Amino acid sequence: MEVWLVRHTSVDVPAGTCYGRSDVPLRDSFEVEAAAVRENLKDIAFDGVWCSPLSRCTRLAAECGYADARHDARLLELDFGAWEMRSFNAIDDPQLQRWFDDWLHVRPTGGESFVEQIVRVGGFLDELRTQPLRRALLFVHGGVQLCAGIYASLFPPEEAFAHQQPYGSILKIPI
């Protein structure tokens with residue numbers, strides 16, 4: 001099976017803000033960015049379509065003609081817990097340095113670690129691969145794209161952020 005993972009379009013939050021699970025607004029460029037994604041998906045047949053329940057993914061799915069995409073919470077971005085919607089520079093929490101030192105395994109206060117996100121996304125992909133599909137389409141977040149790349153053995157977890165894709169990008173993986 002081939003899985004196409006579309007990263008949502010650009011968001012309107014200050015740089016350096018932890019906005020993983022927050023439902024943040026999209027930039028004014030949404031329509032232009034969505035049109036480019038729609039063009040990249042045209043004439044491709046998908047047997048199933050899923051998306052994160054956050055509006056930055058559901059809105060893009062709808063704009064691309066998939067308003068009926070199935071929502072799945074396992075496709076949510078990393079949970080930053082108490083750090084949500086705070087700038088890294090404004091976080092006064094001793095856990096922050098531990099997280100910077102070991103972002104793979106250490107959880108943001110009240111959140112989840114990257115390894116936990118990898119396991120969560122992997123569980124979704126394990127379930128997906130049991131279905132009789134040739135090609136699936138997922139509207140997701142950058143972290144979910146990275147987890148899927150790790151799942152498909154494109155790169156090891158330690159190198160994940162060197163493979164971050166731009167907003168509106170499509171990652172295709174075999175599972």
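D72 lies in the loop that runs between β4 (70–71) and β5 (86–87). The model described here is predicted.

**Setting of D72**
- D72 counts as buried because its relative accessibility is 14%, and the cut-off for buried is under 20%.
- Apart from its neighbours within four places in sequence, D72 has contacts with C51, S52, P53 and F124.

- In soluble globular proteins, nonpolar side chains tend to be buried together.
- The largest nonpolar core holds 26 residues, of which L5, L125, L128 and I173 touch the most other members.
- At least two residues of this core come from each of β1 (2–7), α4 (114–129), β6 (135–140), α5 (142–151) and β7 (170–174).
- The largest share, 6 residues, is supplied by α4.
- When residues up to four places away in sequence are not counted, L128 touches M1, V3, W50, L133, A136 and I175.
- A second, separate core has 22 residues, including W4, C51, A61 and L137.

**Cysteines**
- The number of disulfides in the structure is 0.
- C18 is buried, with a relative accessible area of 1%.
- The closest cysteine sulfur to that of C18 belongs to C147 and is 16 Å away, so the two are too far apart for a bond.
- C51 likewise takes part in no disulfide, and the nearest cysteine sulfur, in C57, is 6.5 Å away.
- C51 counts as buried at 1% relative accessibility; this cysteine is also one of the residues in contact with D72 and a member of the second core.

Methods. Residues numbered from 1 in each chain as written. Predicted model: local features only at pLDDT ≥ 70, side-chain atom pairs only at ≥ 80, totals over all residues. Heavy atoms only, no water. Helix = DSSP H or I, 4+ residues; strand = E, 2+ residues; numbered from the N terminus. Buried < 20%, exposed > 50% of the residue type's maximum accessible area, 1.4 Å probe, protein only. Contact = heavy atoms within 4.5 Å. Core = buried A, V, L, I, M, F, W, Y, C linked by side-chain atoms within 4.5 Å. Disulfide = S-S within 2.5 Å.
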